[in-house]
Amino acid sequence: FWFKLEQILMHRSGVRQACKQITMPSAAQLTSKDIMNDPKPELQPWAREQPSKGLCLGAVKVAALGRPEGVTTTAVEGDEVDVLVQRGNQQQWVAGKVMFVVDEHLAAISEDMLVGAACIGEMIGADGRSLEGSVIVNPADMSQLRKPPRITVVAPGAGIGSNGEAYIALGKLPDLQVEVVGRKSTLYDKYPDSWSGAGGGPPPNFESFANDIIDVGIPARSDCMIFGSRGGQCCLPKIWRALGEQSPPSIVQNGGCAMNVPGGPVAWPQGAVTLMLLGGQDFFKGDASSDDYLNDLCSRVPSGNLTTAMLYMPECEHIPQKQVLGVCLQPLVRAALQWQVDPSRLPIEPLNEAMVALERIQFGGRLRFTSSNGWREQRFGPQTPDRPVKPFSPRAPHQPIPAPSNPIGTAPCVVPVEWAVNETPEAHYRFAEKARLAAAEAEEEARKLEGDAAQESDPRSQRYKQFRAFEARCWSDLLLEVAAGQEGEGYAQAGDDAKSEAKDRMKAAQAATRAPQPQARLCQSGVQQQQQQQLPQQRAQQQLAQQPRRMIPSPYPLQHMPQTTHGIQQMPYVQQQPARFHQPPRYT
């Protein structure tokens, strides 16, 4: 929890000896993706990043792994990184962890450590054994550190439970670090009070939740954020208003940020990179036609914005089907990261990858995107006609659960994606207990530092210990808030588990009462008659599948983009490639 100055200097003296033991690691060891059994409460942004209380989570800009040269990402205390170390006359990359970042208080009592320098420890050699010592990387040498870009999923509305497999697959990629913040069914999982028609209420609500994650710097440290449903309606607009043009790229399921929502127009940044995943079977669409729905969303994007795209599928539901998100989430994230690096160039390759993958699972639709000549549209796969949105499934009755045994709160935590998907109430309660123990340790450390400061004769050391004592006492209070937040998330998980069990019982009861349906038997003439009835529809689908892809005019003005325009030279690959279906696609 604490690093004393003597220990830091001792670590520095051991760097040379540690480097002698290092051998060239394999590519797999350069990006360690081990999942923590339980997150560490003392490293939570809620406990470390509180500018109003004078606390700051140490952060440095490092090279982004797998991104073009010069692109950086943010590494904070506790992040796994790759560090470039010297061995003889060779430089080698090894895996390590950011132990702390030097602040002005530590630099004031040190002769050779600069503000913003990072201490990298827990280094791992090629043989998997831990290396002794640590490395201090100065601010001018941050190119010697690299880590994967950070992808943050805002849990409420993102379908963590329904589409957990897709998020875990994203997190297993060696060049991405995927984390989850918040949880559904908590005290803040409700619309603001301005949404009176949608069950809104006073804080805690989505607005207070958005303010919390902004205050602790989660959007500022993210390279891309993923929202769904109410997260895109409430949280993303608050982030845009707070960060403006510095907002990270966003993947928005259901396109909530472009809807006509209470509270006035959304402050959409002109340079925001936004990719929306939309569905024709989404109740957000309502009774509108596909054209009217897309045109309405397009009308709310700033006219000068050149980095917005909409991937619409008539058969996609409010919570995208597992196979849909499973094939298109990774290319959409890569498209967002690529578009952020070069806003003038459409990310053709990952968007192509998404459309081809959707065609393979027989999902068709449209891709709309902004350009210097206005909105463009590209259709792909089988074009399914509009049909009414499915009605809501019957909901199981409310299941009462025992009252929580400990106080519950709303402090959100950032956890690895696998932990969030596989969470249990007991895991949250263990996390809360660890936070309470860490709070007790911080309080004890504060008392010790106050006693040491009273006996210190050097004014600089005295001021340093007094500040650290104040910091430790703040951490103690904040860790108790983290514990209450985890109690709240555990209680929410217990409630969701009870709902799932009740829903399963309701489905079993409905299946038991449903009368068995006799199997229909068709004679030879009946089979032939059925085939004759299906021929016109099959011929129409076959003709549509054999047509080359082309720009399709719509009621909304979509202008043809010249093939010589910068950034879309490869677009004929998308437009002219023939359909891949040699047989009529079968889908429902």
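Analyst: Let's begin with K285, which sits in the loop between β12 (274-281) and α10 (290-298); helices (H or I, at least four residues) and strands (E, at least two) are DSSP runs, numbered from the N terminus. This is a predicted model, in which local features need pLDDT of at least 70 and side-chain atom pairs count only at pLDDT 80 or more, while totals for chains, interfaces and linings use all residues. Residues are numbered from 1 along each chain as its sequence is written, and side-chain values use heavy atoms, leaving out hydrogens and water.

K285 is buried but has no salt bridge. Here, buried means under 20% relative accessible area, exposed means over 50%, and partly exposed is in between (1.4 Å probe, protein chains only). A salt bridge needs a side-chain nitrogen of Lys or Arg within 4 Å of a carboxyl oxygen of Asp or Glu. For K285, the nearest side chain of opposite charge is D386, 5.0 Å away; in this count Lys and Arg are positive, Asp and Glu are negative, and His and the chain ends are left out. What does the side chain of K285 reach instead? It reaches the backbone oxygen of A288 at 2.7 Å, a polar contact (a pair of N or O atoms within 3.5 Å; within protein, one must be able to donate a hydrogen and the other to accept it, and residues adjacent in sequence count only if both atoms are side-chain atoms).

A polar atom of the S371 side chain lies 2.7 Å from the backbone oxygen of G374. S371 counts as buried because its relative accessible area is 11%.

Now for the charges that do pair up: the whole structure holds 25 salt bridges. One of them joins K97 to E122, with the closest N and O atoms 3.5 Å apart. This pair links distant parts of the chain, 25 residues apart, with K97 in strand β4 (residues 90-101) and E122 in strand β5 (residues 118-124). K97 is buried, at 17% relative accessible area, whereas E122 is partly exposed at 45%.

R379 pairs with E377, and their closest N and O atoms are 3.1 Å apart. E377 has a relative accessible area of 1%, so it is buried; R379, at 21%, is partly exposed. Both belong to a network of salt bridges that also includes D291, R366 and R368. Elsewhere, K465 and E456 meet at 3.1 Å, N to O, with K465 partly exposed at 24% and E456 partly exposed at 22%.

Finally, the surface patches. Members have over 30% relative accessible area and no salt bridge; like charges are joined within 9 Å, with each charge placed at NZ of Lys, CZ of Arg, CG of Asp or CD of Glu. K184, R395, K499, K503 and K507 gather in a positive patch. Among them, K507 lies in helix α15 (residues 459-513) and is partly exposed, at 47%. The negative patch gathers E426, D497, E501 and D504, and its largest share, three residues, comes from α15. E501 is placed in that helix and is partly exposed, with 48% relative accessibility.

Key:
Patch = residues over 30% accessible without salt bridge, like charges linked within 9 Å, V, L, I, M, F, W, Y side chains within 5 Å. Areas by Shrake-Rupley, 256 points an atom, 1.4 Å probe, with all protein chains shown as cover.
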